[in-house]
Amino acid sequence: MKILGIESSCDETAASVVENGRLVLSHVVVSQIDIHKHYGGVVPEIAARSHIEVINPVVQEALERAGCSWDDIDAIAVTYAPGLVGSLLVGTLAARTLAILHDKPLYPIHHVEAHVYANFVVEQDLGRGTSRTGKGESRESLERELDSTPSKTASRRESYDSRVADVSSRVEPSSPLVYEGSRYETFEVARGEAGAISEGTSATRVSAAAYATETRSEAVPDGIEATSLPTFRLPTHQPAFPMLALIVSGGHSQLVLFRDHGDYELLGQTQDDAVGEAFDKVAKILGLPYPGGPSIAEAAKKGDAKRYKLPKARMPGRYDFSFSGLKTAVLRAVQHEVGKDFTFPSHELPGLVDDEMRHNFAASFQRVAVETLVDKAIAAYREFGPASVVIAGGVAANLELRRQLADRLPIPIEYAPIQFCTDNATMVATLGYYRAQKLEPADPYTVEVVPSLSMTKSKWAITK
């Protein structure tokens with residue numbers, strides 16, 4: 001069963017095709033980070049307009065990469081909640097229209113729940129397929145449309161070609177991800193050869209157009225040290241139930257116990273700022289670029305994580321989080337270090353912070369924020385004894401979080417590759433598959449977006 005997933009809840013426009021809830025056939029993401037970093041955060045109106053520009057080409061690109069025609073697609077899954085209302089509307093309306101046009105079942109997906117299902121992808125076939133229709137089918141439709149309006153043919157054809165070319169140049173390559181510093185470098189895997197650069201090994205099994213040779217040279221691109229790269233592979237198996245999920249991102253920090261697909265209990269959540277939001281705000285205080293997660297992680301490598309003593313919030317709910325106080329503590333500590341009082345504007349602090357101070361604050365903040373998350377996860381593990389533990393969401397890409405969990409959990413833990421941690425449609429399509437096994441599809445004429453829907457209200461029946 002092949003599911004087309006569509007995601008547009010914030011500032012990534014994404015589409016993906018996943019087979020049987022475990023095999024990803026295409027993974028296409030167009031990010032707006034370069035647009036929003038100038039504002040220090042996502043501007044909702046700009047995000048929605050950007051989605052409109054690329055949503056159709058992104059879907060066509062996903063079909064082409066998967067080698068699928070619409071006849072091959074069994075259902076469509078789309079994020080309808082939560083998120084920015086304008087962004088959600090673009091993806092949901094596109095999915096509703098496609099479901100009606102191509103007579104496909106439609107499954108609305110909760111974005112936060114979908115993040116967990118990135119961990120269920122255990123196989124990939126991301127080679128660019130030869131689509132029987134794919135983008136060609138769209139062009140045939142365009143030809144018919146243009147032929148009926150000859151006076152507009154030239155300009156509309158040029159506009160369509162431009163959008164397709166733009167999306168093709170901006171999507172993530174169909175390849176494994178290799179982490180180097182704060183950058184994510186992607187390389188095309190040679191046909192017939194599995195795997196990626198492994199920690200402590202050579203690059204003989206990885207090739208890119210820039211350096212692949214007949215002899216499979218062990219040289220790697222300038223600036224990349226193969227021996228220092230951590231390994232990011234797909235998990236070897238799907239998580240077992242009961243499953244404890246730590247969901248951490250820019251908008252969400254939650255601990256959820258899954259007893260089965262669709263049967264879960266929210267153990268705790270943030271009572272104020274989500275951890276990803278705290279990373280962004282602290283990065284701004286320190287003069288680090290948006291998004292804050294990768295920026296702080298990179299700066300922390302050069303800092304002393306014990307240099308500054310920062311507080312951990314004590315919450316009445318055993319598994320609830322709070323990061324507002326930690327963020328404020330960083331602000332007050334930075335003001336004190338540069339010789340200013342609490343009235344000094346935070347936006348003027350970066351000019352007074354030197355590199356050593358910046359690195360030490362980044363490392364100290366990251367340590368406490370991650371320890372807060374891990375402390376709660378370990379406590380939940382000890383109480384409920386789940387068969388597996390997963391982390392999900394954009395902050396799941398943080399290496400310190402992965403390291404601390406691996407060190408403190410008594411069971412092995414596998415992680416989704418980083419490209420499946422941030423917002424993407426692969427996770428949406430994967431959850432769509434499991435919903436399709438047990439639920440009737442939604443009526444595409446009546447699906448509405450719900451920008452602030454909590455997971456406590458999104459549990460779905462586990463039997464028909």
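**Chatting through a predicted model**

Q: Which residues does V370 touch, leaving out those up to four places away in sequence?
A: V370 touches N398, E400, L401 and Q404. Contact here means heavy atoms within 4.5 Å.

Q: Where do these numbers come from?
A: This is a predicted model, where local features need pLDDT of at least 70 and side-chain atom pairs count only at pLDDT 80 or more, while totals for chains, interfaces and linings use all residues. Residues are numbered from 1 along each chain as its sequence is written, and side-chain values use heavy atoms, with hydrogens and water left out.

Q: OK, back to V370. Is it buried or exposed?
A: V370 is buried, with a relative accessible area of 2%. Buried means under 20% relative accessible area, exposed means over 50%, and partly exposed is in between (1.4 Å probe, protein chains only).

Q: And which helix is V370 in?
A: V370 sits in helix α10. Helices (H or I, at least four residues) and strands (E, at least two) are DSSP runs, numbered from the N terminus.

Q: How far apart are the C-alpha atoms of V370 and Q404?
A: They are separated by 7.8 Å, and the two residues are 34 apart along the chain.

Q: Zooming out, how many helices and strands does the protein chain have?
A: The protein chain has 12 helices and 12 strands. Of its 464 residues, 54% count as buried. Take the contacts between residues at least 6 apart in sequence: 73% of them join residues at least 24 apart.

Q: Back to α10. At what angle do the axes of α8 and α10 cross?
A: Helix α8 (residues 292-300) and helix α10 (residues 355-384) cross at roughly 110°, and their axes come within 7 Å. Axes are lines fitted to C-alpha atoms, for helices over the stretch in contact, and angles run from 0 to 180 degrees between N-to-C directions.

Q: What do you call that arrangement of α8 and α10?
A: α8 and α10 are therefore roughly perpendicular to each other. Angles of 65 to 115 degrees count as roughly perpendicular, under 35 as roughly parallel, over 145 as roughly antiparallel and the rest as oblique.

Q: Which residues of α8 and α10 meet?
A: I296, A297, A299 and A300 in α8 meet H359, A362, A363, F365 and Q366 in α10. Sorted by class, that contact has seven nonpolar residues, two polar and no charged ones. Ala, Val, Leu, Ile, Met, Phe, Trp, Tyr, Cys and Pro count as nonpolar, Asp, Glu, Lys and Arg as charged, and the others, Gly among them, as polar.

Q: Now α7 and α9. At what angle do they pack?
A: Helix α7 (residues 275-286) packs on helix α9 (residues 324-337) at an angle of about 10°, with the axes 10 Å apart. That makes α7 roughly parallel to α9. K281, V282, I285 and L286 in α7 meet K327, V330, L331 and V334 in α9. The residues of this contact divide into six nonpolar, no polar and two charged.

Q: Sheets next! What is the strand order in the open sheet of six strands?
A: The order is β5-β4-β1-β2-β3-β6, with mixed pairing. β5 (106-110) and β6 (123-124) stand at the edges with a single partner strand each, so one side of each is left without a neighbour in the sheet. Two strands pair if DSSP finds at least two bridges between them.

Q: How do β2 and β3 pair?
A: β2 (residues 12-19) and β3 (residues 23-31) pair in the antiparallel sense over eight bridges. A14 has V29 in β3 as its bridge partner, and A15 has V28 in β3. In the hairpin of these two strands, three residues lie between them, and N20 takes a positive phi near 55°.

Q: How many residues of β3 are buried?
A: Eight of its nine residues are buried, so β3 is mostly covered. β3 also runs parallel to β6, joined by two bridges, and V24 stands opposite Q124 in β6.

Q: Which strands does helix α2 lie across?
A: Helix α2 (residues 44-66) lies across β1 (2-7), β2 and β3, at about 25° to β2. Helix α12 (residues 426-438) packs on the sheet too, touching β1, β2, β3, β4 (75-81) and β5.

Q: What about the sheet of four strands, what order is that?
A: That open sheet runs β11-β10-β9-β12, with mixed pairing. Its edge strands are β11 (263-269) and β12 (388-392), each pairing on one side only.
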